[in-house]
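Please consult the sequence and the structure shown here.

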Number of protein chains: 2
Amino acid sequence: MALRNVTGARCTICGKVVPAGPETTTCPHCGGILDIEYDYDYIRAEIAKKPLAERPDPTMWRYMEFLPVEGIGKRPRLRVGGSPLYLADALGRVLGIRELYIKDDGQNPTASLKDRASAMAVVKAEEAGRATIACSSTGNAASSLAGNAAAAGLSTFIFVPSRAPKGKVAQLMMFGATVILVEGSYEDTFRISAEAIDRWGWYNRNAAINPYLMEGKKTVSLEIAEQLGFKMPDYVAVSVGDGCTIGGVCKGFKDLYGAGLIDRLPRIISVQASGCCPINTAAAAGTMEWTPQPENTLADSIAVGVPRNPVKALRAISESNGVVVNVSDDEIMAAMRLLGANAGVFAEPAGAAGTAGVKKAVELGLIEKDASVVSIVTGNGLKDVNNAIRAAGEPMSIKPRMDALLEAFDAKGIKVPK
Amino acid sequence: MALRNVTGARCTICGKVVPAGPETTTCPHCGGILDIEYDYDYIRAEIAKKPLAERPDPTMWRYMEFLPVEGIGKRPRLRVGGSPLYLADALGRVLGIRELYIKDDGQNPTASLKDRASAMAVVKAEEAGRATIACSSTGNAASSLAGNAAAAGLSTFIFVPSRAPKGKVAQLMMFGATVILVEGSYEDTFRISAEAIDRWGWYNRNAAINPYLMEGKKTVSLEIAEQLGFKMPDYVAVSVGDGCTIGGVCKGFKDLYGAGLIDRLPRIISVQASGCCPINTAAAAGTMEWTPQPENTLADSIAVGVPRNPVKALRAISESNGVVVNVSDDEIMAAMRLLGANAGVFAEPAGAAGTAGVKKAVELGLIEKDASVVSIVTGNGLKDVNNAIRAAGEPMSIKPRMDALLEAFDAKGIKVPK
């Protein structure tokens with residue numbers, strides 16, 4: 001049955017529009033990635049009838065008119081979305097930004113923004129009558145799919161590169177997924193997963209193939225807008241790997257703009273790791289032609305040398321009149337410490353990269369000090385404890401005696417406040 | 001200034017009532033732990049004036065009339081509370097329980113129920129004009145204090161036993177706490193922290209000393225009640241270490257009962273690890289006299305051989321006509337797997353212990369199969385990845401080729417569904 005709010009799926013390459021069914025993947029004409037399109041007049045009318053402020057549902061599904069589903073059915077769902085947006089004055093002062101907000105999407109059920117996409121994938125798989133979903137992932141998409149599928153009673157096959165942090169692998173195993181560690185790059189992992197999905201006909205949750213995933217991800221922008229009373233910040237910073245998340249962030253704002261809920265798009269700050277920045281390199285050169293790069297960064301979630309969704313990512317940057325900035329691993333680790341100590345937010349490396357990018361963009365004069373900025377933290381630091389320890393250092397260790405404590409304080413140069 | 005809703009603090013040992021100020025710790029007469037008391041008529045009248053359902057604040061502070069503070073001031077706060085309550089039918093069937101709910105308090109900002117107590121501690125420290133807070137903890141109280149204090153701009157000194165899982169220590173370091181690993185038991189850690197707090201006059205966030213912490217923890221029960229429409233379940237299961245959490249859970253229901261919002265207390269299922277169960281041992285023997293025990297369990301958060309709050313814990317069990325059940329480490333790990341695969345909830349060992357207890361209580365005939373049960377998950381599994389891997393096992397690992405995948409499926413006996 002056709003959805004009342006969805007008009008179709010438009011190919012990002014050839015521009016043709018095809019009907020949007022639950023199993024729709026890439027463009028049947030040219031293989032391009034599809035983009036779901038909406039009837040904005042319909043959305044506007046529905047929102048006017050039932051204002052958002054009066055809706056009790058705190059999850060991503062409160063924005064039902066903006067989503068390519070009729071409902072979410074009767075199966076159990078994790079509570080995805082509704083993550084906090086913190087006004088972070090102390091951190092803003094450190095970064096030299098007048099008005100800084102942290103959107104902590106590490107507070108999702110499996111501790112990353114990817115829960116928004118996976119929750120959507122599970123609903124669409126059910127619509128398609130499938131009981132098994134598969135994906136390849138650097139880690140977060142995988143653990144979110146495994147968790148959201150487990151809650152709904154669906155089974156999962158998950159392909160992750162063997163470099164994935166232990167925390168993410170532990171989540172997968174615990175959610176009962178069939179987990180295949182692939183001894184190779186993310187590119188290798190993606191390829192073997194595609195072959196397996198093809199062979200066994202599983203529902204495909206690879207974000208660059210399945211156009212609905214981005215529709216889940218965009219809810220982070222719908223929330224940011226609502227949490228700010230639909231008054232747009234000047235900038236929204238987000239870290240970029242595959243390109244799907246930045247695409248989703250931009251799509252959310254575009255849909256809000258289309259439906260008349262906001263009067264302009266914020267400029268998107270696209271942050272990549274210096275050691276792996278194919279999308280930012282292309283954007284900086286003003287071209288859609290990107291070149292593969294090695295995956296040299298500790299931020300595993302954005303270590304993507306061959307991005308699967310460069311088109312949407314590059315368009316998000318150009319359509320929002322965006323800013324690109326690359327950050328080193330040291331800058332990422334510094335941002336982790338700043339987020340923790342000044343805002344009480346514990347981010348994984350890729351999660352802190354956005355904030356590292358804001359800091360650097362100010363230093364480079366790419367953005368104004370009197371700007372308002374929302375920095376999205378895409379994942380929780382507990383997912384990657386080894387890198388957190390590496391960033392934060394080891395604690396002092398003492399025998400349980402006062403003299404040992406005094407000695408340790410002395411050695412560390414700690415002056416004890418009253 | 002005296003709070004309008006608080007009538008005083010009653011000693012749990014000698015019964016004397018003293019005024020409740022921000023720096024109130026233990027009983028000035030006998031050293032007993034204090035219990036904050038309320039004017040229930042006042043609370044009832046306030047709730048009637050401003051019904052809970054109409055309050056937009058989704059955090060623990062929505063229950064302001066039930067809390068020993070006038071307000072939460074202007075400093076930034078993490079979003080504590082408002083954690084999801086999942087109806088977990090699939091898991092209920094596995095456990096043989098008619099109506100099972102999982103209250104996932106691992107969804108708090110620092111990923112444990114302890115955020116509720118720490119958020120309270122930070123507000124009370126500010127009321128007392130203190131800029132430094134200290135505590136000792138098996139881990140979660142510490143990381144929650146460090147995170148909540150960092151958000152508010154307060155500094156922290158944290159004492160943890162050296163056995164604390166890396167994830168928790170990483171959080172502490174990242175939140176900018178001064179962390180002291182103590183080479184000894186939790187008892188040793190508690191003692192040296194008490195000495196240091198005494199010496200330097202820091203604000204004391206040790207839950208067994210500071211009566212306000214439990215007032216924060218009790219908000220988990222206020223939420224459970226509201227989420228169930230104030231219709232009480234037959235049982236609420238929670239894991240028990242120090243005794244403060246079960247005390248808080250019971251206090252929440254008692255306050256709700258006092259204010260006339262619920263018509264009975266649920267029976268509390270007190271779950272301890274078989275390898276460390278001093279409170280349950282005393283409760284089972286019908287005595288308030290407990291005996292120290294060794295700390296033999298992988299569930300670090302409840303590995304407390306010398307509980308600091310046995311009085312409130314034992315009273316919570318007796319006043320609620322509770323049930324006691326001890327679970328082995330194997331049973332805890334099995335519960336971790338069941339929660340993950342059947343409910344999409346990833347719990348740390350102590351977080352899953354409550355659910356392990358529900359399973360065992362059914363098996364032993366201690367609770368009825370047609371009962372309704374809420375099982376509280378007190379902490380997220382990402383806090384203790386090593387034990388999660390131990391519980392869930394390692395994934396298969398392959399070269400990125402289809403023949404390797406087929407071979408691995410064969411070796412594991414995996415039959416691939418369509």
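A:Met396 has B:Ile180 in β8(B) as its bridge partner. The pairing joins strand β14 (residues 396-398) of chain A to strand β8 (residues 178-182) of chain B in the parallel sense, over three bridges; strands pair if DSSP finds at least two bridges between them. This is a predicted model, in which local features need pLDDT of at least 70 and side-chain atom pairs count only at pLDDT 80 or more, while totals for chains, interfaces and linings use all residues. Residues are numbered from 1 along each chain as its sequence is written, and chains are lettered from A and ligands numbered from 1 in the order in which they are written.

**Interface**
- Chain B contributes 76 residues to the contact and chain A 75 residues (C-beta atoms, placed from the backbone, within 7 Å).
- On the side of chain B that touches chain A, 44 residues are nonpolar, 21 polar and 11 charged (Ala, Val, Leu, Ile, Met, Phe, Trp, Tyr, Cys and Pro count as nonpolar, Asp, Glu, Lys and Arg as charged, and the others, Gly among them, as polar).

**Helix packing**
- A:Ile246, A:Gly247, A:Val249 and A:Cys250 in α9(A) meet A:Lys312, A:Ala313, A:Ala316 and A:Glu319 in α11(A).
- By class, this contact of α9(A) with α11(A) has five nonpolar, one polar and two charged residues.

Technical notes
Contact = placed C-beta atoms within 7 Å. Helix = DSSP H or I, 4+ residues; strand = E, 2+ residues; numbered from the N terminus.
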